[in-house]
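Welcome! Let us take a guided walk through a protein structure, with the sequence and the 3D view side by side.

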4 protein chains.
Amino acid sequence: MSHQALWSGRFKEPLSAIALSFSSSIDLDKQLYQEDIAGSIAHVEMLSATRILTAAEGRRIRTALKVIQKEIETGKLKLGDEYEDVHLAIEQRLIQKVGAIGGKLHTGRSRNDQVALDERLYLRTAVKEIGKLLAQLQRVLLYKAEKHFGALMPGYTHLQRAQPIMVSHHLLAYISMLERDYDRLNDCLKRMNKSPLGAAALAGTSFPIDRHKVARKLHFDGIVENSIDAVSDRDYLIEFVSACSLIMMHLSRLAEEMVLWSSKEFGFVQISDAYTTGSSIMPQKKNPDMAELVRGKTGRVYGALVNLLTILKALPLAYNRDMQEDKMPMFDVVSTTRQCLFIVSHILIHTKFDRQRMEEELRNDFLTATEIADYLVRKGVPFRDAHAITGKIVSHCIDHRMYLGNLDIETLHTFSREFDPDIFDYMLPHKSVEQKQSAGSTSPNEVKKQIVHWTRVLKGRRAL
Amino acid sequence: MSHQALWSGRFKEPLSAIALSFSSSIDLDKQLYQEDIAGSIAHVEMLSATRILTAAEGRRIRTALKVIQKEIETGKLKLGDEYEDVHLAIEQRLIQKVGAIGGKLHTGRSRNDQVALDERLYLRTAVKEIGKLLAQLQRVLLYKAEKHFGALMPGYTHLQRAQPIMVSHHLLAYISMLERDYDRLNDCLKRMNKSPLGAAALAGTSFPIDRHKVARKLHFDGIVENSIDAVSDRDYLIEFVSACSLIMMHLSRLAEEMVLWSSKEFGFVQISDAYTTGSSIMPQKKNPDMAELVRGKTGRVYGALVNLLTILKALPLAYNRDMQEDKMPMFDVVSTTRQCLFIVSHILIHTKFDRQRMEEELRNDFLTATEIADYLVRKGVPFRDAHAITGKIVSHCIDHRMYLGNLDIETLHTFSREFDPDIFDYMLPHKSVEQKQSAGSTSPNEVKKQIVHWTRVLKGRRAL
Amino acid sequence: MSHQALWSGRFKEPLSAIALSFSSSIDLDKQLYQEDIAGSIAHVEMLSATRILTAAEGRRIRTALKVIQKEIETGKLKLGDEYEDVHLAIEQRLIQKVGAIGGKLHTGRSRNDQVALDERLYLRTAVKEIGKLLAQLQRVLLYKAEKHFGALMPGYTHLQRAQPIMVSHHLLAYISMLERDYDRLNDCLKRMNKSPLGAAALAGTSFPIDRHKVARKLHFDGIVENSIDAVSDRDYLIEFVSACSLIMMHLSRLAEEMVLWSSKEFGFVQISDAYTTGSSIMPQKKNPDMAELVRGKTGRVYGALVNLLTILKALPLAYNRDMQEDKMPMFDVVSTTRQCLFIVSHILIHTKFDRQRMEEELRNDFLTATEIADYLVRKGVPFRDAHAITGKIVSHCIDHRMYLGNLDIETLHTFSREFDPDIFDYMLPHKSVEQKQSAGSTSPNEVKKQIVHWTRVLKGRRAL
Amino acid sequence: MSHQALWSGRFKEPLSAIALSFSSSIDLDKQLYQEDIAGSIAHVEMLSATRILTAAEGRRIRTALKVIQKEIETGKLKLGDEYEDVHLAIEQRLIQKVGAIGGKLHTGRSRNDQVALDERLYLRTAVKEIGKLLAQLQRVLLYKAEKHFGALMPGYTHLQRAQPIMVSHHLLAYISMLERDYDRLNDCLKRMNKSPLGAAALAGTSFPIDRHKVARKLHFDGIVENSIDAVSDRDYLIEFVSACSLIMMHLSRLAEEMVLWSSKEFGFVQISDAYTTGSSIMPQKKNPDMAELVRGKTGRVYGALVNLLTILKALPLAYNRDMQEDKMPMFDVVSTTRQCLFIVSHILIHTKFDRQRMEEELRNDFLTATEIADYLVRKGVPFRDAHAITGKIVSHCIDHRMYLGNLDIETLHTFSREFDPDIFDYMLPHKSVEQKQSAGSTSPNEVKKQIVHWTRVLKGRRAL
């Protein structure tokens, strides 16, 4: 049974059951009950402080709101489909409890600013939690990078083996990527952490409310100044979802590598049984499902971004009901991003790197060809010529089913007289890595520097 | 507590609780229990018919499956998070009930083909229901078109008034749009209505199963021939969601017009109180929320399309766990599209067109300027010149704050000597409409033809 | 210098240079000059036939239009930025050439129906060309499938080795996928191949034009009946781009496999030097760039789909200038899809499968574990138990660093007494494949059937 | 004719013409020639400074590069399809000019870090230009807000009239929106303005290059530390395109309002003839095409965002050729966003607000109903009851075809005894606006404060 709507004064017919069921958002927005009540309490405190309500009225309403929060938490108050949304449900319950005085809660505000407030409070928490999960994953990556310091693997471009790299160096690349994610969330938070409350419907209110006081009570950094903007704006949400899309993109790359590396063909890692699953039909299978799901869930967050951008496109100011549709993507993105960051940390912890296999793969191959070219350059050959000569050497090896390690100095001399016997040193994967001199390169020194840097940064990291 | 996984033979450690909770899809895919059981029953019947199982085994399994269906429907069997998915939950329950023999159900099939089967069965039903809802909305539009036959309104391009049109003509445009949607779903169904069952994991099976028999039992038009394709393919879902994106795009245009037309500025329609809502703060407000929500929900379906396309991008064959992520968008698109078609039908039924207002708006304006140009053309003036002359007349009127109706013949002669007094007839909105001669135009004759056509088509329409 | 706009009668100020440059679409839509002229010629023929123009007028305009086409093709007429669009440019040139009579061309039509006509003509050709390219790629796949008939490779799920499959079977899966693409384009063509001409601005026209005659002249299957729909509709384009998104999704999967297979780790194929590129720095690199680009270009087509869906969202009827923005994605999708289909055919032709390597990989592994389970099932063990037993065997092998081929019968008996020495036969990859019995499976018989089927289908294929 | 590729040492066959034409990016990336040459010059200077090249070599190369830049600018050097990309084209030309020594330019770098460098330089400029255009548009809005200070208009929610607001207040809302855009670009710039050069292929280089020196020469704030990250990363571009998507979303809302407001029905503004266009068929039309195109181009930027996110999804590290596909969306988003900001400024300048019309519309309506409710609240009636009473009054008016202004005190008393004759004051739109007391509200005081604030901010604004 539908309650009579609180806004029904001018209406002759009640909202049809079909329309109520179509338009009710309570199924989703009941997740905001804490934020809604916290916002209402702050609003009431301000109404009392500014004498719009008496101190006694304020107390009664606040007390009742706290009781309602308990009722929701204990399941005594069910937030069911007979309500339009969580905001009206709570207000209705308040009036039931304290009578007409409850009707004073909504003085000087509107659902338009109220819902924007609740979302900002909710997302502010989500940003902080995701910030922590990012740091947690960075720490896992750092732990692995330290643990495998010294281990080498093939570095890839175009999924073709390119040059030997340190395993740690590769893992550190992800720490850098996640650090940008962390920064972006921090930047997003600056714009998000402003209070829209008091914008009322769109024009502000004739009651002498104190918007800044409410903002301070709720730990905002300030208010969204322009009241029309305050109720029309969903930038804070879209910016947040954009940032999460990049997080998921990064995780999808890591997940792809977990899938590749745990394949029979690569064999670089073993994911623990506890984080893989079997096949309903093929008894030998051990599948990297968690990584695959993370990769797949990327689509979910991208889709949410498109959803929100589509909703807002070409909406005239100020609030339009289309904006209620922001709830599903908002909750889904928060939960998906959190889950994925969490599971990737766990997969990684439970993954073993097969150092022996990776180093074997480095030996019989051409990954140090660039070192040969650079060797020639140091002897004065222009890089382009050195590159061409080395290309010919590689081609020669392929024709003769050899690797670089099988060449002798006589053969090398047929390509260039510049080669001396020390060239063979340069062909060793470990040498190749140690040779690197540039900042941020894969040389042990540089990788060590990065490890030290991130250890320091992550130690100091507090939640956002 | 987690059940031991049916695939756990080779594993030393159970799936971690974290991983199970992350990867379980039962929360969503339990909606497929009917399809899953129907598919299993057909599979078992075939296994008996081909003597892979004995008749007695087949009977016992089938009976138990029917009991399980009841258990689910009565809530006796809870499909909770401790299961990986609905398929394993039902199989596990079967084995509980009938013992080891239950383990024979999965002979010659895999979850890979099973889930594709369930989805196709589910979507086949959804396509038919959406087809019916499309026809229902078309019938509402047709009813309104017949009811308002004769009424005129301004036709728009660029949201600027263009030419007088019949209200019916405008409504009929939507019937045409929805008819293409219906056709597209029908075309989609051809490709969807093929059975993947028996493809097993990806390679088919060494049991002498009869895939065609299962397909016939489940009313498919045939089988998905290539077994690798059968388990890798989600085209049927993406094509369906593409078709729904166009449906939603069409509804968003209609919703936009409902919002515009019910504004104070246009005032062309009145939506019933039962399909509008009020404001929590502004007592006079009556908002077209249902139309706004339909417009907003367009983003949801677009987002689902992007989600699915992203998931499938660059996945190697055959099945990958990423594909499990197709559930959320699948269920959401089916439910959103159904709800929106349903509510738009209801909004329209409960909407009154203000014929008087629309016709008033036609009178004092320039909507028949094209008729003046065409009049001159019929007198031999090339169209481009006629257009220019008429443009000057309009400009003259604006300068003198007049409308076409206020012009006299003398003034017209200053622009062209070709004007005779019959020109004034051509300026009347009704005349403009009646003048139209081309097929599909806004003339009463042509609009009547369309009404007759659609009456016949929609009468004959059976569900897909 | 800007020409005076043909529509400028009522305007006091010319379009600013800034606005012209912002809004001109000629840079893109000049690609439609052929369609535009063909449409105009058909329109003029009809105008003469219906005596709206005299025969002489019709002849003069038609002749001049043909000359203009030549002028464009020879570069004599430059379609530069001083024109708003290709339609006005051609009309303006016509008036220059034949004088005021040229102004009669636009009788009974509008740019709104004209541009929809041009697009439908353009896309109709594109659909046919893409249809041919699909068939061409299918033929290449079929050629390769025939050539490698008999060769085996590991089949994958979750990128983990699943079961031995025939290389041909895998390639045939793509033929099936592309066949659905072909069908979808054909279905799209049904709705696309209708003439919108004669809808005029939106309401039809008072001239006694014959829309069906124009449609027949231009080889359409009929007309878009409702004139408002005719100028508001872009479904034909969005449906086409949806179909191309699926094509690109399919190509992205094939491209991904080319990248994987040509990696050192897989080593299943060698792409010809002529279709790979090197590195500017690493002399040994040979990168599968063409496949990577195809994979990357998927984003381009997905993006175009989102672009178009966004443009149309919530546009009121009828034509709005936003719709001009459909040109860029239209041309880009046609060109991208064509190029990618073309290049993938060429890459494939120039790719060698390393049959020896693939078969070696099959031997020392567990890909036939399902056969062992099925073997036990045939001895009466329920599938679930058989699966569990086989899982234990696999686990035993891993612990002892063995593969299935290294097991002896005594060891097998410790897992189940049902094993007889013939079990070893079932473990051979070739046997596994030959054992398959189900329709569409990887058995030589079934694969042969598919080859025969596609040979027949593709032989008969004519362009759409 | 194709030049021999600079990387062709190991290849036996040249790149096929088909593959070159498919993969060449020069058609687009030639736009980067300035950035490419600037980057090369800084690289060479560093190579000399670190003695990897001699001072003489460095000079010769730098001089030649400057000549090449001139050659490109004067059209002497055509960057045609026979080159793979702009980077190789310039290097090839360099070698032509200075001989083998030119081959030393590429010492210690790769195209992978080079292209990332060029993009960052290009986007850095674009960010600054877009920042200026944002500020320009803000200034235009501010100018209009000042000019129309005092003018009132109906404020809307749900496109239903809500409350009277100041025109300036509405325009200021857009300034706030654009300010967030400006902030986001600034934040994006922090992450973008780092030099990737010296990362080489992915692992760094064994030459003793000085990455920081190059970074300083090119005015970067630092280097992208991790060399693998440096060549794998496109975050800077995606973050930029996300920010532009929000800019376009904001512009689409303003454009929508321009379309609505310039409709006959609203009639709030007149866009200048110079920024509107006519119809090819309807002589009276004056269409807000520029606003419509801005609205439509939103899809273009959203599409580019999806394109890029799709490209990067699940790409393993480090560089993959898919990433070359970032060029088209990058250039298109920069150009589209710039153009749209520019044209919106111009449209706005050339738009007249019809103050009289807007104020007339305020008079006969119910926009001050909230004031009545608030009036009652101040008399002690709880807000919910006051809202209900006012709703009844509105309903009464509608039944009697009256507006609030037509009510008398007796009638009001039938709804509540709390009304005194001063109530009529509160119903005046001007009074309603002046009554507002909350921060950021539509009261003249508050709006004035915002104008002062923005005047100060925008005066101080330098380019980013």
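Which residue's side chain meets that of B:R234 in a salt bridge? The partner is B:D326, with N and O 2.8 Å apart. A salt bridge here is a side-chain nitrogen of Lys or Arg within 4 Å of a carboxyl oxygen of Asp or Glu. Side chains of opposite charge can pair when their charged atoms come close.

Before going on, some ground rules. This is a predicted model, in which local features need pLDDT of at least 70 and side-chain atom pairs count only at pLDDT 80 or more, while totals for chains, interfaces and linings use all residues. Residues are numbered from 1 along each chain as its sequence is written, chains are lettered from A and ligands numbered from 1 in the order in which they are written, and side-chain values use heavy atoms, with hydrogens and water left out.

## Salt bridges

Back to our pair. Helices (H or I, at least four residues) and strands (E, at least two) are DSSP runs, numbered from the N terminus. B:R234 is buried at 1% relative accessibility, and B:D326 is buried with a relative accessible area of 1%. The word "buried" means under 20% relative accessible area, "exposed" over 50%, and "partly exposed" in between (1.4 Å probe, protein chains only).

Over all chains, the count comes to 176 salt bridges. Here are some of them, with the distance between N and O:

| Residue | Partner | N to O distance |
|---|---|---|
| A:E84 | A:R111 | 3.2 Å |
| B:K12 | C:D399 | 2.4 Å |
| D:K190 | A:D187 | 2.9 Å |

A:E84 is buried at 7% relative accessible area, and A:R111 is buried at 13%.

The salt bridge of B:K12 and C:D399 crosses between chains, from the segment before α1 (17-23) of chain B to helix α15 (residues 383-399) of chain C. B:K12 is exposed, with a relative accessible area of 55%, whereas C:D399 is partly exposed at 47%.

## Where chains D and A meet

The contact takes 112 residues from chain D and 112 residues from chain A; contact means heavy atoms within 4.5 Å. The area buried between these chains is about 9,100 Å², and carbon and sulfur atoms give 57% of that. Buried area is the accessible area (1.4 Å probe) that two parts lose on being put together, summed over both. In chain D, the residues that lose the most area to chain A are D:R253, D:L317 and D:R384, together 9% of what that side buries. Between the two chains the count is 18 salt bridges.

## A buried serine

B:S168 is found in helix α7 (residues 167-192) of chain B. Is B:S168 buried or exposed? At 0% relative accessibility, B:S168 counts as buried. B:F149 is 19 residues away from B:S168 in sequence, yet their C-alpha atoms are 5.7 Å apart in space. Leaving aside neighbours within four places in sequence, B:S168 touches residues including B:F149, B:V447 and B:I451.

Most residues other than glycine have a negative phi, and most peptide bonds are trans. A:H158 has a positive phi near 60°, and this residue lies in the loop between β1 (152-157) and β2 (160-166) of chain A. A:H158 is buried, with a relative accessible area of 6%. C:H219 also has a positive phi near 60°, but C:H219 is exposed at 60% relative accessible area. C:H219 lies in the loop between α8 (211-217) and α9 (227-232) of chain C.

As for peptide bonds, the one from B:L317 to B:A318 is cis, with omega near -5°. In chain D, a cis peptide bond joins D:L317 and D:A318, with omega about -5°.
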